[in-house]
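Subject: The structure we talked about

Hello,

Here is the structure I promised to pass on to you. Please open it beside this message, and then read my notes with the chain in view.

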Amino acid sequence: MTYKKLFFALGLAGVLTFTGFHIEEQGSMPLSVGLATPAGAVIGRPLTPLSYAGVARRTTRRVVTRTTTTIAVLPAGCRYGPYYGGYYYRCGGYYYAKSGNVYVQVIVQ
């Protein structure tokens with residue numbers, strides 16, 4: 001393969017890669033070429049690389065551990081709110097998460 005054919009093939013591949021090239025079955029112009037559509041990454045989704053919410057969820061999942069200690073009724077004076085990136089019931093120095101009909105004690109490391 002000569003260099004001329006190689007450059008033509010690479011150029012054609014680049015054009016097809018970075019443009020929104022597609023062929024429509026109907027319409028006045030069956031062949032359309034435009035710029036590529038933007039990426040579909042949505043900030044806030046768990047797997048989006050720059051998602052701060054995703055980072056917070058992953059960090060919370062790594063530092064909060066559920067224990068086997070469960071209680072059926074929370075003690076008086078417990079407050080529900082955001083603690084360490086998650087929503088828990090804070091009862092004095094302990095944190096609880098609702099799991100079904102019981103509350104599971106969680107440990108924040």
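Apart from its neighbours within four places in sequence, Gln 105 is in contact (heavy atoms within 4.5 Å) with Thr 65, Arg 66, Thr 67, Thr 69, Tyr 94, Tyr 95 and Tyr 96. Gln 105 is found in strand β7, where strands (E, at least two residues) and helices (H or I, at least four) are DSSP runs numbered from the N terminus. The residue is buried, with a relative accessible area of 13%; here buried means under 20% relative accessible area, exposed over 50%, and partly exposed in between, with a 1.4 Å probe and protein chains only.

Before going further, please keep in mind that this is a predicted model, in which local features need pLDDT of at least 70 and side-chain atom pairs count only at pLDDT 80 or more, while totals for chains, interfaces and linings use all residues. Residues are numbered from 1 along each chain as its sequence is written, and side-chain values use heavy atoms, with hydrogens and water left out.

As for the whole protein, there are two helices and seven strands, and from the N terminus on the elements run α-β-β-α-β-β-β-β-β. Of the 109 residues, 18% count as buried.

Now to the sheet. Strands of a sheet pair through backbone hydrogen bonds, either parallel or antiparallel. In this model, an open sheet of five strands has the order β3-β7-β6-β5-β4, with antiparallel pairing, where two strands pair if DSSP finds at least two bridges between them. The edge strands are β3 (64–71) and β4 (79–83), each of which pairs on one side only. From one strand to the next, the twist averages 45 degrees, with axes taken as lines fitted to C-alpha atoms (for helices, over the stretch in contact) and angles running from 0 to 180 degrees between N-to-C directions. Helix α2 (residues 52–63) packs on this sheet and touches β3, β5 and β7, while its direction makes about 55 degrees with that of β3.

Within the sheet, β5 and strand β6 (residues 94–99) pair in the antiparallel sense over three bridges. Arg 90 stands opposite Tyr 95 in β6, and the bridge partner of Cys 91 in β6 is Tyr 94. The hairpin of β5 and β6 has two residues between the strands, and Gly 92 takes a positive phi near 65 degrees in it.

Next come the aromatic rings. Rings of Phe, Tyr and Trp (its six-membered ring) pair if their centres lie within 6.5 Å, and planes under 30 degrees apart count as stacked, over 60 as edge-to-face and the rest as tilted. By this rule the count comes to five aromatic pairs. One of them is the edge-to-face pair of Tyr 89 and Tyr 103, with 5.4 Å centre to centre and 85 degrees between the planes. This pair links distant parts of the chain, since Tyr 89 lies in strand β5 (residues 86–91) and Tyr 103 in strand β7 (residues 102–108), 14 residues apart. Both Tyr 89 and Tyr 103 are buried, and ring pairs link Tyr 80, Tyr 87, Tyr 89 and Tyr 103 into a cluster.

Which residues make up the largest nonpolar core? A nonpolar core is a set of buried Ala, Val, Leu, Ile, Met, Phe, Trp, Tyr and Cys residues joined through side-chain atoms within 4.5 Å. The largest one has six residues, namely Val 64, Tyr 83, Tyr 88, Tyr 95, Ala 97 and Val 106. Another core, of five residues, lies apart from it and includes Tyr 89, Cys 91, Tyr 96 and Tyr 103.

Finally, please look at the end of the chain. Gln 109 is found in the segment after β7 and, at 66% relative accessibility, counts as exposed. The C-alpha atoms of Gln 109 and Val 63 are separated by 5.2 Å, although these residues are 46 residues apart along the chain.

Best wishes
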